[in-house]
Amino acid sequence: MSGPRLFVDAWDPSYGASFEAAPGGPTASSSAQVDADVELPAVDWRAIGPRPGLRAPDVVLLVDGVRRIDASVWTAEDDGASFPGVAASYAAGVVLCDLERGAAELAGAKVGRGLFTASPSAEEVVCGRVRYPVHRVGGAGELSKLPAAVQAPLTALEVEVSDAARTDGDLLVVDGPLRARRQLPRTLGYIKTQHSQYLDARLTAVVTGLRPGERSPVFRLGTAWGGWSWYLRLPVAAGAPWAGIVRMECSAELPPTEAIALADLSLVTLPRFASSPYKDPRAPQNLVPIAGLERRLRALLGDARLLHRALTMATRGRGARR
């Protein structure tokens, strides 16, 4: 009897894995309700190739954000209580890819910072010309949950920079789930790491059987954060079942015909941006323009050691400007 096949994930292990299943393994099902009978009846699911004659849009915008915890802090309240906090920097940017000219350029980038805490008395921290305004979080403000609080202002910053760069007829691709950007027109969410398995075993077999340049039929995730979704496989050498597979999503407010049209458009657009293993440890899912944008944004955040030192000096002996 032959043993199970073993694959080495193409991603550098320091970045995790391209497929990270929920506890219970890859066969564990998500709690999300799925309607697979959107584009094709579930019994007829099959791989879908590029639609003949369909061209990619002339302009594609790719938006991404990065965040970093510059320091962990604690407050000392007048009543003796203490609250944890994090001083965080975050940045968002957008790359404009002109496919007619074959050129890509940074179309906008902004940096934000903040002190995230549940402390009722915390005030803005000023480090020379750098400011960390207070972002009050709800609940008990546990330290382990504070980094996640950075996501909302980061998403707002991504919306701001992408809105300023949009043109008629473009396609906006957001690196990650759409979240609060579902109202944006002609916008796709691009999820490169698969944490959960939404489809049953038979439909999952269609996904893992996709060839490069093919996609699954569109399905709907019936949750508060769900919407129209589909999988596609980017150009990749033969390997693990989920190698090169990304999940796409678009707004649930769109009619099914428009969601299917966006799925077709994604298939003739995204593969051209796929990265190569010898250049990127997260190839092919980490798109080339996104990789360059991430490097640029991290540079804009500033030197982490200098900011940590400045925060220490600004708060030493007097708290957060109390």
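Colleague: Is Trp45 buried or exposed?
Modeller: This is a predicted model. Buried means under 20% relative accessible area. Trp45 has 7%, so the label is buried.

Colleague: How many aromatic pairs are there?
Modeller: Two rings pair if their centres lie within 6.5 Å. By this rule the count is three.

Colleague: Trp45 and Phe219 form which kind of pair: stacked, edge-to-face or tilted?
Modeller: Their ring centres are 6.1 Å apart, and their planes stand at 45 degrees. Stacked needs under 30 degrees, and edge-to-face needs over 60. The angle is 45 degrees, so the pair is tilted.

Colleague: How many residues apart are Trp45 and Phe219?
Modeller: Trp45 lies in the loop between β1 (34–35) and β2 (59–76). Phe219 lies in strand β10 (residues 219–221). The pair links distant parts of the chain, and the separation is 174 residues.

Colleague: What is the relative accessible area of Phe219?
Modeller: Phe219 is buried, and so is Tyr231. For Phe219 the relative accessible area is 0%.

Colleague: Phe219 and Tyr231 also pair. Which strand holds Tyr231?
Modeller: This pair is stacked, with 5.8 Å between centres and 25 degrees between planes. Phe219 is in strand β10, so the pair ties together parts twelve residues apart in sequence. Tyr231 sits in strand β11 (residues 228–233).

Note on methods:
Residues are numbered from 1 along each chain as its sequence is written. This is a predicted model: local features need pLDDT of at least 70, side-chain atom pairs count only at pLDDT 80 or more; totals for chains, interfaces and linings use all residues. Side-chain values use heavy atoms; hydrogens and water are left out. Rings of Phe, Tyr and Trp (its six-membered ring) pair if their centres lie within 6.5 Å; planes under 30 degrees apart count as stacked, over 60 as edge-to-face and the rest as tilted. Helices (H or I, at least four residues) and strands (E, at least two) are DSSP runs, numbered from the N terminus. Buried means under 20% relative accessible area, exposed over 50%, partly exposed in between (1.4 Å probe, protein chains only).
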